[in-house]
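Work through these exercises with the model open beside you. Try each task before you read its solution.

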Amino acid sequence: MSAAAVEHPCDGEPESLLAVANRFAEQNPGCRVEIIGGVITVAPPPDGPHGRALTKIMRPFIAAGLDDGETEVIQGIGLWLPGGPEDYAIPDLSIVDADLDEHLIENNCYDPAVFRLVLEVTSSNYRSDLRNKVAAYSEAKIPVYVIVDRKHGRVHVLTEPMGGGYDSHEVYAPGQTVTLPESIGAPVTLDVDQLIRAGRRRS
């Protein structure tokens, strides 16, 4: 993920960051455009292993019944962030309250209060997922943040948000299992080895 330069028109009022971000999104179909900490970032489309890992991750959430009833499992939904007047992120996967549609804020982004869990599968933007988004999601008081770190072969589970970070940060390696907090709506266990293998290119 790279920070994109912001160019303002010569005449009239300068464009807002949100307008610039939306223009970038229109000009780069398939790319993920976000504003985090007042900086526009543009990530290229994810590769096949990224998508494969995301599919593997969704299965236990759906099997636990989290896509029915009080919650939904949704990919690529906008999360409005409190860190700046126009900040927003688009997590790879989210567990949200079922009344999500009642909490639309702006620019197809929703109130962080309805997010029970956000999850990122790293790509070339792994530094953002491991640093910038940790601060952004904790400031938004997202209760559980999960990172499938494909570069380093680990899964991170962050809970107990407190301004600028999370009080609890557990790291799991292949061979271990991750039991997520039941506050997401149901007990869910993830197999770290399965997720890391799914996120690797097949030889």
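The model is predicted; local features need pLDDT of at least 70, side-chain atom pairs count only at pLDDT 80 or more, and totals for chains, interfaces and linings use all residues. Residues are numbered from 1 along each chain as its sequence is written, and side-chain values use heavy atoms, with hydrogens and water left out.

**Exercise 1. Cysteines**

Task: Find how many disulfides the structure holds, and explain the result for Cys 31.

Solution: 
- Start with the bond. A disulfide is a covalent bond between the sulfur atoms of two cysteines.
- Apply the cut-off. The two sulfur atoms must lie within 2.5 Å.
- Count. The structure holds 0 disulfides.
- Check the distance. The closest cysteine sulfur to that of Cys 31 belongs to Cys 109 and is 17 Å away, so a bond is ruled out.
- Compare exposure. Buried means under 20% relative accessible area, exposed over 50%, and partly exposed in between (1.4 Å probe, protein chains only). Cys 31 has 24%, so Cys 31 is partly exposed. Cys 109 has 2%, so Cys 109 is buried.

**Exercise 2. The second largest pocket**

Task: Describe the volume and lining of the second largest pocket.

Solution: 
- Define the pocket. On a 1 Å grid over the protein atoms alone, a pocket is an open set of points where a 1.4 Å probe fits, with protein on both sides within 12 Å along at least five of seven lines; lining residues have an atom within 4 Å of a point.
- Give the volume, the space filled by probe spheres set on the points, with grid points joined across faces, edges and corners. For this pocket it is about 170 Å³.
- Name lining residues. Among them are Cys 31, Arg 32, Tyr 88 and Cys 109.
- Locate them. Helix H1 (17-27) and S2 each supply at least two residues of the lining. Helices (H or I, at least four residues) and strands (E, at least two) are DSSP runs, numbered from the N terminus.
- Sort by class. The lining has 6 nonpolar, 4 polar and 1 charged residues. Ala, Val, Leu, Ile, Met, Phe, Trp, Tyr, Cys and Pro count as nonpolar, Asp, Glu, Lys and Arg as charged, and the others, Gly among them, as polar.

**Exercise 3. Leu 190**

Task: Is Leu 190 buried or exposed, and which residues does Leu 190 touch?

Solution: 
- Leu 190 sits in strand S15 (residues 189-191).
- Read the accessibility. The value is 2%, so Leu 190 counts as buried.
- List contacts (heavy atoms within 4.5 Å). Leaving out residues up to four places away in sequence, Leu 190 touches Pro 60, Gln 176, Thr 177, Val 178, Leu 180 and Leu 195.
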